[in-house]
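Let's take a friendly walk through this structure, going from the domains to the contact between the chains and then to single residues. Keep the viewer open as you read.

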2 protein chains.
Amino acid sequence: MSVTAAQGFTAAGVVAGLKSTGRRDVALVVNTGRSKAAAAVFTSNRAKAHPVLWSQQVLGDGIAEAVVLNSGGANCFTGPFGFQTTHATAEAVAESLGVSAGDVVVCSTGLIGVGDQVFRDKVLAGAREAAAGLGVDGGADAAEAIMTTDSVPKQAVVAGDGWVVGGMAKGAGMLAPGLATMLVVLTTDADLPADVLDAALRGATRVTFDRLDSDGCMSTNDTVVLLSSAESGVTPAADDFAAAVTELCADLARQLQADAEGASHDIRIEVVGAVDEDDAVEVGRSIARNALFKAAVFGNDPNWGRVLAAIGTTGAAFDPYDVDVSMNGVRVCHAGAPDVPSESVDLTPRAVHVLVDLRAGGAEATILTNDLTHDYVHENSAYSS
Amino acid sequence: MSVTAAQGFTAAGVVAGLKSTGRRDVALVVNTGRSKAAAAVFTSNRAKAHPVLWSQQVLGDGIAEAVVLNSGGANCFTGPFGFQTTHATAEAVAESLGVSAGDVVVCSTGLIGVGDQVFRDKVLAGAREAAAGLGVDGGADAAEAIMTTDSVPKQAVVAGDGWVVGGMAKGAGMLAPGLATMLVVLTTDADLPADVLDAALRGATRVTFDRLDSDGCMSTNDTVVLLSSAESGVTPAADDFAAAVTELCADLARQLQADAEGASHDIRIEVVGAVDEDDAVEVGRSIARNALFKAAVFGNDPNWGRVLAAIGTTGAAFDPYDVDVSMNGVRVCHAGAPDVPSESVDLTPRAVHVLVDLRAGGAEATILTNDLTHDYVHENSAYSS
């Protein structure tokens with residue numbers, strides 16, 4: 001119920017035949033409230049899918065009536081025909097709801113290069129069916145319909161004082177900064193204009209989804225949309241609202257991490273003692289993207305040498321011979337030499353905490369990632385075949 | 001015989017007990033010629049191992065008498081004790097040969113954080129034993145002694161007109177730009193001063209080792225040294241010599257790629273139509289580092305969408321909707337849409353060729369990489385345990 005937890009929203013999730021498994025694959029979220037204020041952030045990948053190019057236009061005026069989403073095909077690099085499919089999808093929803101197509105956000109996820117006539121026909125039929133089946137209890141179906149390799153739907157709600165903000169997310173592979181491979185729809189009944197929604201959303205994604213870097217691969221379709229119905233009649237302080245959106249996004253980001261393809265460890269890389277936040281993020285990201293470090297964690301091997309080799313590739317301010325590294329509470333490296341023997345580190349729990357103290361300043365940041373496993377290789381070598 | 005193919009060099013490789021397998025693990029290459037001119041390039045990783053910090057000093061004056069190398073421990077992040085070990089190693093060789101320790105290059109490879117008293121004792125004893133066993137036929141033993149996870153020794157020779165340049169290399173994992181995890185010793189009997197050697201070596205590594213990016217991980221110990229004995233008495237044109245060194249380095253780089261840990265495909269990513277060479281390298285590197293693309297190749301899946309998603313993350317000049325992608329000779333993507341069905345692509349051979357035409361200019365570059373396999377994960381999760 002999360003995407004419909006806020007007053008003024010209906011949703012649906014239907015089976016359109018896009019997934020070979022016969023599961024739900026088209027979702028629709030509609031704002032029935034008195035405000036249609038909206039904001040969104042999109043992938044920073046330059047190879048943007050058609051739905052992203054379309055939806056960027058839709059959000060230009062800070063207004064959105066609905067979000068239609070499909071799994072089973074990313075509609076990316078599908079030529080002019082693919083863009084027409086996105087346009088037609090928005091038109092189908094608009095017609096069903098009696099709104100303008102220019103106010104319908106479109107999101108797609110699945111394989112790149114998939115988007116032929118059969119795909120289009122199924123998406124359009126699914127969109128119309130979803131529009132006919134909308135309900136205030138449709139959130140769970142919608143969350144199911146956007147799953148691809150996700151093993152569980154992701155939903156969350158944060159309650160404010162007289163208002164709520166809730167949401168759903170999908171994403172399991174290709175998780176990286178500039179947003180993960182993910183589609184996220186957030187809804188609120190707080191009465192706030194688009195610019196406040198936009199500031200809250202950008203602030204939240206910067207410290208949540210943008211710091212989840214499961215496999216370093218940036219998607220072509222990532223979209224996070226926030227819709228306000230204003231139906232609570234309450235206008236919270238901008239800071240309170242921003243904090244709630246950040247909490248919600250952090251919750252969903254952790255759900256994405258926990259369900260990352262093939263992962264056997266959820267790794268939290270906390271970088272402290274940085275000169276500034278950018279340095280801390282750069283250092284954390286370099287570790288999160290180091291294949292050797294990630295493979296070592298899979299093997300429950302506290303290989304701190306690979307951590308240092310990774311941070312040595314960054315331009316951050318620090319002295320390589322004055323860095324402390326701790327793993328699950330044990331300081332294994334201090335001042336350029338081994339400290340507590342790494343045999344004392346237990347990496348068998350799924351949760352792994354890597355603490356890097358750059359000893360250069362007072363700023364910090366945390367990056368979330370996963371290990372590199374046999375299952376990751378299996379899922380991503382067999383995914384499209 | 002490659003590192004001793006040029007006149008004026010002797011070498012040895014001995015068993016010092018650093019490897020648990022009981023294989024050769026300390027190598028020594030000595031310049032016995034009338035010139036001691038030398039040049040080197042080192043890892044650009046800021047977390048440099050003690051031997052790298054030492055050898056950078058040695059090469060400061062363009063003179064080197066010998067190169068001593070050990071596998072079985074990287075002597076990196078081993079504290080002040082570790083630096084003293086490197087110094088003592090150079091002293092041991094210098095004493096045995098009757099030269100200055102300041103002219104002895106030291107290279108180490110193996111686990112980071114390994115370098116205690118036992119390690120030091122073994123390295124010193126091995127260095128002395130190697131010095132006592134030098135011979136003009138010692139190249140093969142030396143090439144064996146520097147192997148870590150390498151399955152085969154790597155050697156190559158290129159003959160000029162009255163002179164030769166030969167070499168040996170080790171490296172199998174942690175292969176990435178700014179040099180791979182590798183140690184390379186090149187020798188020549190061409191009579192050339194240090195500055196010409198330096199220019200030839202930098203030019204060669206820039207287009208060979210620096211464009212081999214097996215797993216995106218940059219080592220702390222990479223070193224490539226070129227020694228000249230001048231014993232041929234021939235001074236080739238600088239261009240001819242540079243071409244020979246480049247050919248030699250390209251040969252060794254391909255040997256490193258072919259032996260990359262766990263790899264089942266050797267992938268050659270050729271980027272053409274770039275505005276400049278830097279753009280071509282950036283685009284090639286982004287593909288080489290994309291875990292999803294690499295896993296797809298492992299699965300013999302010509303997933304060109306992952307190629308486009310990778311290049312979309314770069315800042316190179318191109319229009320994402322006007323890029324051609326071919327795989328093993330089949331153009332699978334043209335002008336932002338599928339072209340020849342990817343079912344026509346056969347990725348079962350070990351050699352995979354990815355051709356990306358950015359259609360933006362006339363520059364090009366080729367990056368070599370490998371696929372992401374179960375064996376890569378296995379070898380790198382179990383390596384130190």
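For helix packing, axes are lines fitted to C-alpha atoms over the stretch in contact, and angles run from 0 to 180 degrees between N-to-C directions. With that in hand, please keep in mind that this is a predicted model.

Helix 8 of chain A and helix 9 of chain A pack with their axes 9 Å apart, at an angle of about 160°. Angles over 145 degrees count as roughly antiparallel, which is why helix 8 of chain A is described as roughly antiparallel to helix 9 of chain A. The crossing in which helix 8 of chain A passes helix 9 of chain A is left-handed. On the helix 8 side of chain A, the contact is made by Leu292(A), Phe293(A) and Ala296(A), and helix 9 of chain A brings Arg306(A), Val307(A) and Ala310(A). Sorted by class, this contact has five nonpolar residues, no polar ones and one charged.

The contact between the chains takes 48 residues from chain A and 48 residues from chain B. Which elements of chain A give two or more residues to the side that touches chain B? They are helix 8 (291-298), helix 9 (304-311), strand 13 (337-338) and helix 10 (374-382) of chain A. The residues on this side of chain A divide into 24 nonpolar, 21 polar and three charged.

Now step back to the layout of chain A. Its domain assignment gives domain 1, covering 2-258, and domain 2, covering 266-382. The C-alpha centres of these two domains of chain A lie 32 Å apart. Where they touch, 11 residues of domain 1 of chain A are in contact with 13 residues of domain 2 of chain A. The domain 1 side of that contact in chain A divides into four nonpolar, five polar and two charged residues.

Next comes another helix pair in chain A. Helix 2 of chain A and helix 3 (residues 117-132) of chain A pack at an angle of about 20°, and their axes are 9 Å apart. Angles under 35 degrees count as roughly parallel, so helix 2 of chain A is roughly parallel to helix 3 of chain A. Their crossing is right-handed. Among the residues of helix 2 of chain A that meet helix 3 of chain A are Thr85(A), Ala88(A), Thr89(A) and Ala92(A), and the residues they face include Arg120(A), Val123(A) and Leu124(A). By class, the contact of helix 2 of chain A with helix 3 of chain A has nine nonpolar, three polar and two charged residues.

Phe77(A) lies in the loop between strand 4 (66-70) and helix 2 (79-97) of chain A. This residue is not a glycine, yet Phe77(A) has a positive phi of about 55°. Is Phe77(A) buried or exposed? Phe77(A) counts as buried because it has 29 C-beta neighbours inside 10 Å, where 20 or more are needed.

Asn300(B) has a positive phi of about 55° and is not a glycine. Its loop runs between helix 8 (291-298) and helix 9 (304-311) of chain B. With 17 other C-beta atoms within 10 Å, Asn300(B) is partly exposed.

Staying in chain B, turn to helix 1 (residues 50-58). The buried residues of helix 1 of chain B are His50(B), Pro51(B), Val52(B), Trp54(B), Ser55(B) and Val58(B). The elements covering them include strand 3 (38-42), helix 2, strand 5 (104-108) and strand 9 (223-228) of chain B.

The last stop is a cysteine. Cys249(B) lies in helix 6 (residues 238-258) of chain B, and with 30 C-beta neighbours inside 10 Å, Cys249(B) counts as buried. What is Cys249(B) in contact with, leaving aside its neighbours within four places in sequence? The partners are Ala204(B), Thr205(B), Thr208(B) and Phe209(B). Cys249(B) and Leu201(B) are 48 residues apart in sequence, while their C-alpha atoms are 8.9 Å apart in space.

Note on methods. Residues are numbered from 1 along each chain as its sequence is written. Chains are lettered from A and ligands numbered from 1 in the order in which they are written. This is a predicted model: local features need pLDDT of at least 70, side-chain atom pairs count only at pLDDT 80 or more; totals for chains, interfaces and linings use all residues. Helices (H or I, at least four residues) and strands (E, at least two) are DSSP runs, numbered from the N terminus. A residue is buried if 20 or more other C-beta atoms lie within 10 Å of its own, exposed if 12 or fewer, and partly exposed in between; C-beta atoms are placed from the backbone. Two residues are in contact if their C-beta atoms, placed from the backbone, lie within 7 Å. Domain bounds come from an automatic or database domain assignment. Ala, Val, Leu, Ile, Met, Phe, Trp, Tyr, Cys and Pro count as nonpolar, Asp, Glu, Lys and Arg as charged, and the others, Gly among them, as polar. Angles under 35 degrees count as roughly parallel, over 145 as roughly antiparallel, 65 to 115 as roughly perpendicular and the rest as oblique. A crossing is left-handed if the near helix is turned anticlockwise from the far one by less than a right angle, and right-handed if clockwise.
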